[in-house]
2 protein chains.
Amino acid sequence: MTQAEPITQHSFPAQVENRAAAGRVVLICEHASCHIPPRWGDLGLTAEQARAHIAWDPGALELARGLSRRLDAVLIHAPVSRLVYDCNRAPDQPGAMPARSELHDIPGNAALTAQEKAERTAAVYAPFHAGVQAELARRIALSVPPVIITVHSFTPVYFGQRRAVEFGVIHDGDDALALAVLAAARARTSLQAELNAPYSAADGVTHTLRLHALPYGLPHAMLEIRNDLLASPAACDAMAATLAPVLAGAVASLAAHPALTPA
Amino acid sequence: MTQAEPITQHSFPAQVENRAAAGRVVLICEHASCHIPPRWGDLGLTAEQARAHIAWDPGALELARGLSRRLDAVLIHAPVSRLVYDCNRAPDQPGAMPARSELHDIPGNAALTAQEKAERTAAVYAPFHAGVQAELARRIALSVPPVIITVHSFTPVYFGQRRAVEFGVIHDGDDALALAVLAAARARTSLQAELNAPYSAADGVTHTLRLHALPYGLPHAMLEIRNDLLASPAACDAMAATLAPVLAGAVASLAAHPALTPA
């Protein structure tokens, strides 16, 4: 009998901020960082590519921190670029360790062996989701039923097409929170807000929600903010100030329906 | 910024056997052990209660080991009694840390504080499921798509009622594997085999499947064997010899449908 032996010496645990927060919201930011640890060199990218939206969601972490402060919410984020491993993808999804992202080839991902894929999965994906699950389970045990909100940003121009949407709200199996957030955003802000835009669960972008919200019956939403609205620390903070009451109002509207793990 | 700090010094990782196994089947045994670590004393139980089916699934681990050898399958099991924490339950399910199990009061669980519940969750539930997920993700990354089979035993007499079923096959969101196992059991054995008996997903008994099978679209089944058929090591081995070809045949019948994480 053995315990699981590590298949890599590298491990990049989930980063947890404001863990003592009393609020129900659990903010998750899978694409918080463009950091490529030395183990993986530069993946063959130029310095410009390594800072572009293909490597992370610019502004998402700063926005999430602003929300964390205002909502008294714990924040969990991944410390490694999604080009090493995209924590919002299962290991067999094409985007997990993509050889191409939008218009860019990722040379360091072009010919990964199964072992290299398994090593990245063990180093980045497994510890991130173990950290998320431990924090959610802790809060469920403490009878503070979590509301999961993942925080993302998207590029204004994708494959050459301009995107008009500014604020997308995406759900998976339960649309209650997403609909409440959308209604509050339309009532309280001038943002161009849309449901399941610029993409939806059908595009395979809700892996984190499926792993962590659905098994426990937790209210959930994935937020997508157009990243030209998050272009500076001040803009991120202003967006957090705009969205915090939207989210607080939407969560309050769910209060009559406490989350419970389904029988 | 901090990483998650442990809320307990106690941690009971998932036990992994036959990790190098080449077969697709991943055997999971949540109720493998009746061990109560010293941290939790004797929970106020008599020695007889602490060895009874309320504390574990007698014979399930030995059966699972026999299947692991015959199917070349990895086996993952929990090292702590389900009366400390039942790893097949979410922290808010009544059975997670039950104050009563069938006809027995569990004095050590009668007045748990939220902090005590959170500590047990962190010590037993979180490391168990982190271990399961890491192994599943590793195999998915290696392009060996897992087939999840959880192995349980049940008591022949429950609340005074005799149970006629000998072999129950339970599914959650996808019934393909369960139906194939049931058909093979009826064709190849004389066991009294039934679908979704002696209970089903509607009874809240498929938490492990919801956590680990559904998000990845993995074929899954929960096996329940009446424990009077597992009363000795020889009986466990004989049952493994009976069920191994049943499971192998059922898994082979799925081979035309490789598992893929749903888009």
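Glu135(B) sits in helix H3 of chain B and Arg19(B) in the loop between E2 and strand E3 (25–29) of chain B, so the pair ties together parts that are 116 residues apart in sequence. Here a salt bridge is a side-chain nitrogen of Lys or Arg within 4 Å of a carboxyl oxygen of Asp or Glu, while helices (H or I, at least four residues) and strands (E, at least two) are DSSP runs, numbered from the N terminus. Glu135(B) counts as buried, at 2% relative accessibility, and Arg19(B) is buried too, with a relative accessible area of 18%. For these labels, buried means under 20% relative accessible area, exposed over 50%, and partly exposed in between (1.4 Å probe, protein chains only).

A few words on bookkeeping. Residues are numbered from 1 along each chain as its sequence is written, and chains are lettered from A and ligands numbered from 1 in the order in which they are written. Because the model is predicted, local features need pLDDT of at least 70 and side-chain atom pairs count only at pLDDT 80 or more, while totals for chains, interfaces and linings use all residues; side-chain values use heavy atoms, with hydrogens and water left out.

Back to the charged pairs. Side chains of opposite charge can pair when their charged atoms come close. The count comes to 26 salt bridges over all chains. One of them joins Arg226(B) and Glu166(B), at 4.0 Å from N to O. Arg226(B) belongs to strand E12 (residues 220–226) of chain B, and Glu166(B) to the loop between strand E9 (161–162) and strand E10 (167–170) of chain B, so this pair ties together parts that are 60 residues apart in sequence. Both Arg226(B) and Glu166(B) are buried. In chain A, Asp105(A) forms a salt bridge with Arg100(A), where the closest N and O atoms are 2.8 Å apart. Asp105(A) is partly exposed, with a relative accessible area of 48%, and Arg100(A) is partly exposed at 46%. Chain A also has a network of salt bridges that links Arg19(A), Glu135(A), Arg138(A) and Arg139(A).

What happens where the two chains meet? The contact (heavy atoms within 4.5 Å) takes 47 residues from chain A and 47 residues from chain B. About 3800 Å² is buried between the chains, and carbon and sulfur atoms give 62% of that; buried area is the accessible area (1.4 Å probe) that two parts lose on being put together, summed over both. Between chain B and chain A there are 0 salt bridges, but 2 residue pairs are in polar contact, both at pLDDT 80 or more. A polar contact is a pair of N or O atoms within 3.5 Å; within protein, one must be able to donate a hydrogen and the other to accept it, and residues adjacent in sequence count only if both atoms are side-chain atoms. On the side of chain B that touches chain A, strand E1 (2–3), strand E2 (15–17), helix H3 (114–141) and helix H5 (207–212) each supply at least two residues. H3(B) gives the largest share, 15 residues.

Next come the cysteines. The whole structure has 0 disulfides over all chains, a disulfide being a pair of cysteine sulfur atoms within 2.5 Å. The sulfur of Cys29(B) is 10 Å from the closest cysteine sulfur, in Cys236(B), which is too far for a bond. Cys29(B) is buried at 0% relative accessibility, and Cys87(B) is buried at 1%.

Asn109(A) lies in the loop between strand E6 (104–105) and helix H3 (114–141) of chain A. Asn109(A) is buried, with a relative accessible area of 4%, and its side chain reaches the backbone oxygen of Pro98(A) at 2.8 Å.

Finally, the backbone. Most residues other than glycine have a negative phi, and most peptide bonds are trans. The bond from Ala197(A) to Pro198(A), however, is cis, with omega near 0°, and a cis peptide bond also joins Ala197(B) and Pro198(B). Asn18(A) has a positive phi of about 60° although it is not a glycine, and is partly exposed at a relative accessible area of 34%. Leu43(B) has a positive phi too, near 60°, but counts as buried at 5% relative accessibility.
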